[in-house]
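Subject: Structure handover

Hello,

Here is the structure for your files. My notes on it follow below.

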Amino acid sequence: MSIRPMGQDPTEHPHPPEPPVRVERSRLVNMGQAGAPAASGGPGLPAPRTAAAVRLAGVMLAAGAAVWAVGLVVVGEEVKKGITLVDCVTGLGYVAGLFCLALVVLRTGGTGARKGRAFPIAVLALTPGAFLFNLLSMSYVGHTYEDLPPWLAIIDACWPLSNLGMLVLGIAVLKVGRYRGPLRWYLPLCGLWLPVSMAGQAAGGSAATLVSAAWLLGTYTVVGVWLALRPADVLAPR
């Protein structure tokens, strides 16, 4: 037996039923995932932290290439005769810049999302060897390259291989076409530094070193400045 107020219909509820709560999947955002509103700089804008990382990589690339270009001009023809301290020290900045550039390409998918990732990974694997060669070569300043021990000569192979890797990487970036503006065309030009330098050395003359330095400034330094000023060109999809 139940007691109810007089005149109340037993089928009525004491309180009107609340409407069902609907939660849309599109409004459930995992704040820890990439692309979440908290990490984004707004529609079409890259995340501030990611953009800052690209800017830093650009500064490293521009400075490293420029420093080595100046070092080549200072050393001049001596770089062909043997190992010099200036070339070893300034070359470290260039190699560090290559590592940063390859890392940016890998993280932004510039060479593709699957098999294309192998190109920047190869450069990332080779540049530490080139960096190590420059460090160890400081102990042989004043010697010719023929005086180097065999194990160090093997490490030296990382230098041309990493630059050839940059050529392949640049061609892949051009083919994929993810980057915006002239940047996608500049990266293949960067990779041509080694063939241009070898052609200059084969031609002989004092202009070979100047051509090599000028190519560094006109390609890698320009790309570095571009990344520092316009990181969205590699972060925002086309």
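A contact here means heavy atoms within 4.5 Å. On that basis, residues 24 or more positions apart account for 73% of the contacts in the protein chain with a separation of 6 or more.

Two remarks on the source. This is a predicted model, in which local features need pLDDT of at least 70 and side-chain atom pairs count only at pLDDT 80 or more, while totals for chains, interfaces and linings use all residues. Residues are numbered from 1 along each chain as its sequence is written, and side-chain values use heavy atoms, with hydrogens and water left out.

Overall content

The protein chain has 10 helices and zero strands; helices (H or I, at least four residues) and strands (E, at least two) are DSSP runs, numbered from the N terminus. Of the 238 residues in the protein chain, 39% are buried, meaning under 20% relative accessible area with a 1.4 Å probe, protein chains only.

Core

A nonpolar core is a set of buried Ala, Val, Leu, Ile, Met, Phe, Trp, Tyr and Cys residues joined through side-chain atoms within 4.5 Å. The largest one holds 44 residues, of which Tyr94, Leu101, Leu216, Tyr220, Val223 and Val234 touch the most other members. Helix α3 (residues 85-108) gives the most to this core, with 10 residues. Leaving aside residues up to four places away in sequence, Val223 touches Leu61, Leu101, Leu183, Tyr186, Leu187 and Cys190.

Helix pairs

The axes of α3 and helix α9 (residues 207-229) come within 12 Å and cross at roughly 50°. Axes are lines fitted to C-alpha atoms, for helices over the stretch in contact, and angles run from 0 to 180 degrees between N-to-C directions. α3 and α9 are therefore oblique to each other; angles under 35 degrees count as roughly parallel, over 145 as roughly antiparallel, 65 to 115 as roughly perpendicular and the rest as oblique. Tyr94, Leu98 and Leu101 of α3 meet Leu216, Tyr220, Val223 and Leu227 of α9. By class, this contact has seven nonpolar residues, no polar and no charged; Ala, Val, Leu, Ile, Met, Phe, Trp, Tyr, Cys and Pro count as nonpolar, Asp, Glu, Lys and Arg as charged, and the others, Gly among them, as polar.

For helix α6 (residues 158-176) and helix α7 (residues 183-191), the axes come within 7 Å and cross at roughly 160°, which makes α6 roughly antiparallel to α7. The residues of their contact divide into eight nonpolar, three polar and one charged.

Regards

Conventions
Buried < 20%, exposed > 50% of the residue type's maximum accessible area, 1.4 Å probe, protein only.
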